[in-house]
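Subject: Structure for your review

Dear colleague,

Please find below the structure that I am handing over to you. I would be grateful if you would look through it before reading my findings, which follow it.

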Amino acid sequence: TMCIMGEPTELTSMLERLHKVSDRRASLGDLAHLSDRELEVAMLIASGYSDSDIATTICRSLRTVHAHRRMLGRKMGVERRHEISRQMCARGLIAQ
């Protein structure tokens, strides 16, 4: 667990939620077809991370993050980042 001065970071708690959500894939409904990485990227987008921040956080290139975001858009039927955020919040997968 990543900690700063003994306190869990927001990212740590978000990743813990991701693992719980991933373990309960059936509860995702129409998002059950998303990969764990796509769920992670969607949660980071919904938490306000920029594409550059996401790339750094998940140790992938910016181009890879853009590819994940495009695939999320296709799978979720949306075109913009805020629409991904809205869907994640509406499903209770991320705090509003």
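A helix here is a DSSP run of H or I with at least four residues, and helices are numbered from the N terminus. Glutamate 40 lies in the helix called α2.

Please bear in mind that this is a predicted model. The protein chain has a mean pLDDT of 80, with 72% of its residues at 70 or more. Among its elements, α4 has the highest mean pLDDT (95), while strand β1 (residues 3-4) has the lowest (34). Over residues 1-7, pLDDT stays under 50, and the model has nine contacts beyond four places in sequence for them.

**Helix α2 and glutamate 40**

Helix α2 spans residues 36-46, and nine of its 11 residues are buried, so the rest of the structure largely encloses this helix. The buried residues of α2 include Leu39, Val41, Met43 and Leu44. Is glutamate 40 buried or exposed? A residue counts as buried under 20% relative accessible area. Glutamate 40 has a relative accessibility of 13%, and therefore it counts as buried. Its side chain makes a polar contact with the side chain of arginine 37, at 2.8 Å. Just after α2, glycine 48 takes a positive phi of about 95°.

**Helix α3**

In helix α3 (residues 51-58), the buried residues are Asp51, Ile54, Ala55 and Ile58. They cover an arc of only 100° around the axis, and so they sit on the same side of α3. Against which helices do the buried residues of α3 pack? Their partners are α2, α4 (62-76) and α5 (81-90). Just after α3, cysteine 59 takes a positive phi of about 60°.

**The nonpolar core**

In soluble globular proteins, nonpolar side chains tend to be buried together. In this model, the largest nonpolar core has 23 residues. Those with the most contacts inside the core are Leu31, Ile54, Leu72, Met76, Ile84 and Met88. At least two residues of this core come from each of α2, α3, α4 and α5. The most are given by α2, which supplies seven residues. Leaving aside residues up to four places away in sequence, isoleucine 84 touches Ala42, Ile45, Arg69, Leu72, Met76 and Val78.

Yours sincerely,

A colleague

Technical notes: Residues numbered from 1 in each chain as written. Heavy atoms only, no water. Buried < 20%, exposed > 50% of the residue type's maximum accessible area, 1.4 Å probe, protein only. Arc of directions from axis to C-beta. Contact = heavy atoms within 4.5 Å. Polar contact = N/O pair within 3.5 Å; in protein donor to acceptor, adjacent residues only side chain to side chain. pLDDT = per-residue confidence, 0-100. Core = buried A, V, L, I, M, F, W, Y, C linked by side-chain atoms within 4.5 Å.
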